[in-house]
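Here is a short report on one protein model. Look at the structure first, then read on.

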Amino acid sequence: MYRIKTSELLSGKVIAEELTNIEVIKNISDNSCETKRHYLLVAYSLEYKIEFSFDKANNVCQYIMVEENEINRENQNINIKFIDDISIFGQHINKVREKFQDCISFDNYLRIGDTELYFEDEIVDSLYYFPTV
(Lines give C-alpha, C1' and ligand atoms only; values in the text may rest on other atoms or scores of the structure.)
Protein backbone atom coordinates (compact mmCIF):
# COMPACT_ATOMS: atom_id res chain seq x y z
CA MET A 1 0.00 0.00 0.00
CA TYR A 2 1.20 3.48 -0.87
CA ARG A 3 0.91 6.18 1.79
CA ILE A 4 1.02 9.93 1.31
CA LYS A 5 1.37 12.03 4.46
CA THR A 6 0.86 15.76 4.78
CA SER A 7 3.94 16.10 6.97
CA GLU A 8 6.15 14.48 4.34
CA LEU A 9 4.81 16.63 1.50
CA LEU A 10 5.25 19.84 3.47
CA SER A 11 8.70 18.94 4.77
CA GLY A 12 10.05 18.46 1.25
CA LYS A 13 10.31 14.67 1.32
CA VAL A 14 9.86 13.03 -2.06
CA ILE A 15 6.89 10.70 -2.39
CA ALA A 16 7.24 7.14 -3.68
CA GLU A 17 8.41 7.36 -7.29
CA GLU A 18 5.71 4.87 -8.34
CA LEU A 19 3.06 7.48 -7.53
CA THR A 20 4.28 9.55 -10.47
CA ASN A 21 4.15 6.60 -12.87
CA ILE A 22 1.01 6.60 -15.00
CA GLU A 23 0.93 2.80 -15.38
CA VAL A 24 1.03 2.27 -11.61
CA ILE A 25 -1.69 4.87 -11.02
CA LYS A 26 -3.89 3.43 -13.77
CA ASN A 27 -3.75 0.09 -11.94
CA ILE A 28 -4.68 1.51 -8.52
CA SER A 29 -7.10 4.34 -9.38
CA ASP A 30 -10.86 4.20 -8.86
CA ASN A 31 -11.89 6.51 -11.72
CA SER A 32 -10.34 8.12 -14.75
CA CYS A 33 -11.11 10.66 -17.43
CA GLU A 34 -9.17 12.70 -19.91
CA THR A 35 -9.07 16.22 -21.21
CA LYS A 36 -7.50 17.46 -24.41
CA ARG A 37 -4.04 17.52 -22.82
CA HIS A 38 -4.24 15.46 -19.61
CA TYR A 39 -5.18 12.12 -18.12
CA LEU A 40 -6.88 12.50 -14.74
CA LEU A 41 -6.93 9.50 -12.42
CA VAL A 42 -8.68 9.47 -9.04
CA ALA A 43 -8.42 7.33 -5.92
CA TYR A 44 -10.58 7.64 -2.80
CA SER A 45 -8.90 7.23 0.56
CA LEU A 46 -11.14 7.51 3.61
CA GLU A 47 -12.48 11.05 3.56
CA TYR A 48 -10.04 12.22 0.86
CA LYS A 49 -10.03 12.33 -2.91
CA ILE A 50 -6.58 11.99 -4.51
CA GLU A 51 -6.33 13.18 -8.10
CA PHE A 52 -3.35 12.50 -10.34
CA SER A 53 -2.82 14.54 -13.51
CA PHE A 54 -0.55 13.29 -16.29
CA ASP A 55 0.44 15.10 -19.47
CA LYS A 56 -0.81 13.18 -22.52
CA ALA A 57 2.21 14.12 -24.62
CA ASN A 58 4.78 12.43 -22.37
CA ASN A 59 2.89 10.75 -19.47
CA VAL A 60 4.72 12.96 -16.95
CA CYS A 61 2.90 13.57 -13.67
CA GLN A 62 1.89 17.24 -13.54
CA TYR A 63 0.43 17.26 -10.03
CA ILE A 64 -1.17 15.24 -7.28
CA MET A 65 -4.16 16.98 -5.71
CA VAL A 66 -5.79 16.03 -2.42
CA GLU A 67 -9.06 17.41 -1.13
CA GLU A 68 -11.59 16.34 1.39
CA ASN A 69 -14.18 14.05 -0.15
CA GLU A 70 -17.72 14.96 0.80
CA ILE A 71 -19.14 11.80 -0.74
CA ASN A 72 -19.43 8.96 1.79
CA ARG A 73 -17.89 6.02 -0.06
CA GLU A 74 -18.30 2.47 1.17
CA ASN A 75 -15.50 1.04 -0.96
CA GLN A 76 -12.18 2.58 -0.06
CA ASN A 77 -9.09 2.16 -2.17
CA ILE A 78 -6.86 -0.45 -0.54
CA ASN A 79 -3.81 0.50 -2.61
CA ILE A 80 -3.30 4.10 -1.57
CA LYS A 81 -3.95 6.05 1.58
CA PHE A 82 -3.72 9.76 2.34
CA ILE A 83 -2.97 10.65 5.94
CA ASP A 84 -3.37 14.23 7.16
CA ASP A 85 -1.04 13.58 10.08
CA ILE A 86 -0.63 17.28 10.93
CA SER A 87 -4.33 18.11 10.45
CA ILE A 88 -3.69 20.76 7.79
CA PHE A 89 -7.16 20.47 6.26
CA GLY A 90 -9.59 22.83 7.92
CA GLN A 91 -6.81 25.00 9.35
CA HIS A 92 -7.06 28.78 9.18
CA ILE A 93 -4.57 30.54 6.89
CA ASN A 94 -2.94 32.38 9.81
CA LYS A 95 -2.22 29.14 11.70
CA VAL A 96 -0.57 27.67 8.63
CA ARG A 97 1.56 30.79 8.12
CA GLU A 98 2.70 30.60 11.76
CA LYS A 99 3.62 26.93 11.46
CA PHE A 100 5.37 27.27 8.07
CA GLN A 101 7.13 30.61 8.24
CA ASP A 102 9.11 29.90 5.08
CA CYS A 103 5.92 29.71 2.97
CA ILE A 104 5.24 32.08 0.10
CA SER A 105 1.80 33.71 0.19
CA PHE A 106 -0.41 34.36 -2.82
CA ASP A 107 -4.02 35.56 -3.06
CA ASN A 108 -5.72 32.21 -2.50
CA TYR A 109 -2.89 29.79 -1.71
CA LEU A 110 0.41 29.28 0.11
CA ARG A 111 3.44 27.65 -1.48
CA ILE A 112 5.61 25.45 0.73
CA GLY A 113 8.37 23.77 -1.26
CA ASP A 114 6.75 21.64 -3.98
CA THR A 115 3.31 21.91 -2.39
CA GLU A 116 0.55 24.49 -2.64
CA LEU A 117 -2.22 24.79 -0.06
CA TYR A 118 -5.42 26.36 -1.38
CA PHE A 119 -7.93 28.18 0.81
CA GLU A 120 -11.61 28.88 0.73
CA ASP A 121 -12.83 31.45 3.24
CA GLU A 122 -9.29 31.41 4.70
CA ILE A 123 -9.51 27.66 5.50
CA VAL A 124 -7.31 25.00 3.81
CA ASP A 125 -9.49 22.98 1.44
CA SER A 126 -7.04 21.40 -1.03
CA LEU A 127 -3.40 20.51 -1.43
CA TYR A 128 -1.43 20.29 -4.68
CA TYR A 129 1.91 18.51 -4.85
CA PHE A 130 4.09 19.17 -7.89
CA PRO A 131 6.68 16.41 -8.32
CA THR A 132 10.05 17.55 -9.50
CA VAL A 133 10.88 16.09 -12.88
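How many positive and negative side chains does the protein have, and how far apart do the centres of the two sets lie?

## Charges and surface

The protein has 14 positive and 24 negative side chains. The centres of the two sets lie 3 Å apart. Lys and Arg count as positive, Asp and Glu as negative, while His and the chain ends are not counted. Each charge is placed at NZ of Lys, CZ of Arg, CG of Asp or CD of Glu.

The accessible surface comes to about 7,900 Å² (Shrake-Rupley method, 1.4 Å probe). Carbon and sulfur atoms hold 42% of that surface.

## About the model

This is a predicted model: local features need pLDDT of at least 70, side-chain atom pairs count only at pLDDT 80 or more, and totals for chains, interfaces and linings use all residues. Residues are numbered from 1 along each chain as its sequence is written, and side-chain values use heavy atoms, with hydrogens and water left out.

## Overall build

The protein comes to three helices and 10 strands. These are DSSP runs numbered from the N terminus: helices are H or I with at least four residues, strands are E with at least two. From the N terminus on, the order is β-α-α-β-β-β-β-β-α-β-β-β-β.

Along its principal axes, the C-alpha trace spans about 40 × 35 × 25 Å. The radius of gyration, taken over C-alpha atoms, is 15 Å. That agrees with a compact globule of 133 residues, which would have a value near 14 Å. The globule rule is 2.2 Å times the number of residues to the power 0.38.

## The sheet

Strands of a sheet pair through backbone hydrogen bonds, either parallel or antiparallel. Here, eight strands form an open sheet in the order 2-3-4-5-10-9-8-7, and the pairing is antiparallel. Strand 2 (31-34) and strand 7 (104-105) stand at the edges. Each has a single partner strand, so one side of each lacks a neighbour in the sheet. Two strands pair if DSSP finds at least two bridges between them.

Seven bridges join strand 4 (residues 48-55) to strand 5 (residues 61-68). Phe52 stands opposite Ile64 in strand 5.

## A buried loop residue

Ile15 lies in the loop between helix 1 (6-10) and helix 2 (22-28). Is Ile15 buried or exposed? Ile15 is buried, with a relative accessible area of 12%. Buried means under 20%, exposed over 50%, and partly exposed in between (1.4 Å probe, protein chains only).

Leaving aside neighbours within four places in sequence, Ile15 is in contact (heavy atoms within 4.5 Å) with Leu9, Thr20, Ile64 and Tyr129.
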